[in-house]
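Biologist: I am new to this structure. Could you show me the model, please?
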Amino acid sequence: MVYLDSGATTKVDPEVIKAMMPYFTEKYGNASSTHQKGQEAKRTLNDARQIIAKSIGAKDEEIIFTSGGTEANNFVLKGIAFANKDKGNRANHGFALPREQGSLGHIITTKIEHDCVLNSCKWLETQGFKVTYLDVDESGFVKPEDLENAITPETLLVSIIHGNNEIGTIQNLKELSAVCKKYNVYFHTDACQSYTKTKLNVKKQNLDLVTLNSHKIHGPRGVGALYIRKGTNITPLLHGGGQEFGLRSGTDNVAGVVGFAKAVQLANQKHVEYMTRLRDKLIEGVLKIPDTRLNGPTNDKRLCNNVNVSFKYVEGEAIGGYLDAEEINTSTGSACSSPKLEPSHVLLAIGLKPEQAHGSLRLTISRFTTEQEINRVLDVLPKVIAKLRKMSPLVKFIKKI
Amino acid sequence: MVYSDKVMDHFKNPRNMGELENPDGIGEVGNPICGDVMKITIKVKDNKISDIKFKTFGCIAAIATTSMLTELAKGKTLEEAEKITNQIIAQELKGLPAIKLHCSNLAADALRMAIKDYFKKVK
Ligand SMILES: Cc1ncc(COP(=O)(O)O)c(C=O)c1O
């Protein structure tokens, strides 16, 4: 099986599993217990916390473990919104807000976020918050001037995805956070896809909140983390026993965070270079198929593991179906594969017509992908597209395909 | 999306794929914006569908339903063929995912259009 869906999730590295095992079998203590087994778990938890913190230039106590990216993003949006409602941004503290009637506060995000951010924002709108969804350019970049123009005295939070999960666009965080600093607005980025694949440093990029997860980097599923800059005013999502500095209750997933930390330690720059080379080979080969376009940017502005293309005259679920029959796993932004029957909001946001979005295919590699696998895809994919185009009534005069 | 084996069989090995030359009737339904276009061409002999071919732009379900339709319609009288419904096609395929029942299950409509087109031409 050729697995080219590492943007969805990745294979857990055998080293990660090995590191996790003792925490199921022998060292299964609850990190909140005061006995020896509990204290052993607590130490392990904090070691893992230190590894994650160091990897992004944070302090240990600024890392809160969660059940994944979805929870971390929900926590940021709801936690910041409710803790700061009616206050506006900090530049305005102490001043009366020229608030719009009935709004508890304003949040800015983009049209290309993951559903867990978009749907949290939509829910916050039902609770009385106002949300602006910024447009992006044809490669998926947010313009800093658009962000600046959207900020009002009631803006509490800006949340912008770092590496886009569909088209691989890597935003310039430094530029965007600088705008937020100017107006003293909290800046959050969802780095689930970009973590360990491009530079991420909370100091250098001036970030207040960062979402991380484990299962995109060969760690276990169901584990993530939120970086919260010290002094940030945020209210918990999960109330309970007061774990994670009172910010995220629930018995600590020690085995999970051990695996997460191990995955972070195993990731390195060589893997990024390796994936970049395979990615570019794949892009070059796929674009040889006529009537094909690359969605998203190129070079170092694109995630090293992401390829997203649209083929004219054919539909993505069908492409994926024939590839799957050839033992190649991929994904698509076509409406036909979404439970809502709507084409990808990200592809529409970069200006694709619905019929172009229907013909999209996402190929996401990992450090375990081999050159032979890429060759195999480049052999099979043109045949699949040719077969589907032969079947397509949209091809009125068949060109040389 | 989980499809039945029968759907996957018709998707992977589509029957009667293509377009007839000088067809007696043509039917085309759907639109590319929604993600489905189905084109049916038929030949009619002695009031029977003597040959039928399909072309489809669309998902797995769209391809499988048109393929299945051509199998069901071939050799039938025009009256019998007109009675084929999208529901019958879905049943013959051992079911379709609920959300695909409406959007990608239009093949019978395309056939009825082709038969109508034939009657218009012979008149
Ligand atoms: C950009 C992005 N954010 C958030 C998530 C959700 O993370 P999780 O699956 O850990 O809840 C994902 C992946 O599914 C993602 O790609």
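Biologist: How do the residues of the lining of the largest pocket divide into nonpolar, polar and charged?

Modeller: The lining of the largest pocket divides into 13 nonpolar, twelve polar and ten charged residues. Here Ala, Val, Leu, Ile, Met, Phe, Trp, Tyr, Cys and Pro count as nonpolar, Asp, Glu, Lys and Arg as charged, and the others, Gly among them, as polar. Please note that this is a predicted model, in which local features need pLDDT of at least 70, side-chain atom pairs count only at pLDDT 80 or more, and totals for chains, interfaces and linings use all residues. Residues are numbered from 1 along each chain as its sequence is written, chains are lettered from A in the order in which they are written, and side-chain values use heavy atoms, with hydrogens and water left out.

Biologist: What volume does the largest pocket have?

Modeller: Its volume is about 900 Å³. Of the 35 residues in its lining, Ile170(A), Thr198(A), Lys199(A), Leu200(A) and Gln205(A) are the closest to the centre. A pocket is an open set of points on a 1 Å grid over the protein atoms alone, where a 1.4 Å probe fits, with protein on both sides within 12 Å along at least five of seven lines; lining residues have an atom within 4 Å of a point. Grid points are joined across faces, edges and corners, and the volume is the space filled by probe spheres set on the points.

Biologist: Which helix gives the largest share of that lining?

Modeller: H9(A) does, with five residues. Helix H9 (269-286) and helix H7 (173-182) of chain A each supply at least two lining residues. Helices are DSSP runs (H or I, at least four residues), numbered from the N terminus.

Biologist: And where does the second largest pocket lie?

Modeller: The second largest pocket lies between domain 1 (14-266) and domain 2 (268-389) of chain A, because both give residues to its lining. The domain bounds come from an automatic or database domain assignment. This pocket has a volume of about 780 Å³. Its lining has 31 residues, and those nearest the centre are Asp115(A), Asn165(A), Glu166(A), Ser344(A) and His345(A). H5(A) gives the most, four residues.

Biologist: How many salt bridges does the rule find across that domain interface?

Modeller: The rule finds zero there. A salt bridge is a side-chain nitrogen of Lys or Arg within 4 Å of a carboxyl oxygen of Asp or Glu. Over all chains, the count comes to 23.

Biologist: Changing topic, what do chain A and chain B bury between them?

Modeller: They bury about 1,900 Å², 70% of it on carbon and sulfur atoms. Glu317(A), Met391(A) and Pro393(A) supply 29% of the area that chain A buries against chain B, more than any other three residues.

Biologist: Which residue of chain B forms a salt bridge with Glu317(A)?

Modeller: Lys100(B) does, with the closest N and O atoms 3.6 Å apart.

Definitions and conventions: Buried area = accessible area lost by both parts, 1.4 Å probe.
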